[in-house]
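Welcome, and take a moment to look over the sequence and the model before reading on.

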Amino acid sequence: KKRCAFADVILSDRVGKIGLERKSIQALEDAKMNLMEQKQITENKIQELQGEMHLIWDRLEISKQERDVCLSGNLNGLTPQHVQANINMLESLQQQQKEKLGALIMKKRQE
């Protein structure tokens, strides 16, 4: 990046000048890049988990109204923990349905 003369004076490493040292600026820029990468990783994980949630909802035939209630439960957006908790709950419901279906099949076979 090109710096103008003003930036070179303000950001000078010399003692007595007002501003940040170049190494401090670089450390801040590195931290910013790291945070941006972490944000992207988190957003990707949230999208992945939301996709899984929608697939499970579809398989369990969860109504749009129930889905909307779940999604609006957190006004600040869905955190990965919130999404994972919902996936766990839906998988539990799916397992319960499988068990009920298995019991029904066994009962019908015995008749």
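## Salt bridges

This is a predicted model, and it holds 2 salt bridges. Side chains of opposite charge can pair when their charged atoms come close. In one of the bridges, the side chains of Lys 39 and Glu 43 meet at 3.9 Å, N to O. Both residues belong to helix H2, which covers residues 22-60, and they sit 4 residues apart, about one turn of the helix. Lys 39 is exposed, because its relative accessible area of 52% is over the 50% cut-off. Glu 43, at 33%, is partly exposed.

Another bridge joins the side chains of Lys 45 and Glu 48, with 3.8 Å from N to O. These two residues also lie in helix H2, 3 residues apart, again about one turn of the helix. Lys 45 has a relative accessible area of 38% and is partly exposed. Glu 48 counts as partly exposed too, with a relative accessibility of 43%.

## The chain as a whole

Stepping back, how many helices and strands does the chain have? There are 4 helices and 0 strands, and reading along the sequence gives the pattern α-α-α-α.

The chain has 111 residues, and buried residues make up 17% of them.

## Where H2 meets H4

Two packed helices are described by the angle between their axes and the distance between the axes. For H2 and H4, the angle is about 20 degrees and the axes are 9 Å apart. The two helices are therefore roughly parallel to each other, as angles under 35 degrees count that way. H2 passes H4 in a left-handed crossing. On the H2 side, the contact is made by Thr 42, Ile 46, Leu 49, Gln 50, Glu 52, Met 53, Ile 56, Trp 57, Arg 59 and Leu 60. On the H4 side, the residues include Pro 80, Val 83, Ile 87, Leu 90, Leu 93 and Gln 97. The residues of this contact divide into 11 nonpolar, 6 polar and 3 charged.

Is Gln 94 buried or exposed? Gln 94 is buried, because its relative accessible area of 17% is under the 20% cut-off. Leaving aside residues up to four places away in sequence, Gln 94 touches Arg 59 and Leu 60.

## Where H2 meets H3

H2 also packs with helix H3, which runs over residues 64-72: their axes come within 11 Å and cross at roughly 155 degrees. Angles over 145 degrees count as roughly antiparallel, so H2 and H3 are roughly antiparallel to each other. H2 passes H3 in a right-handed crossing.

Which residues make this contact? H2 brings Met 53, His 54, Trp 57 and Asp 58, while H3 brings Arg 67, Cys 70 and Leu 71. These residues divide into 4 nonpolar, 1 polar and 2 charged.

Conventions:
Residues numbered from 1 in each chain as written. Predicted model: local features only at pLDDT ≥ 70, side-chain atom pairs only at ≥ 80, totals over all residues. Heavy atoms only, no water. Salt bridge = Lys/Arg side-chain N within 4 Å of Asp/Glu carboxyl O. Buried < 20%, exposed > 50% of the residue type's maximum accessible area, 1.4 Å probe, protein only. Contact = heavy atoms within 4.5 Å. Axes fitted to C-alpha atoms, helices over the stretch in contact; angles between N-to-C directions. Parallel < 35°, antiparallel > 145°, perpendicular 65-115°, else oblique. Left-handed = near helix turned anticlockwise from the far one by under 90°. Nonpolar A, V, L, I, M, F, W, Y, C, P; charged D, E, K, R; others polar.
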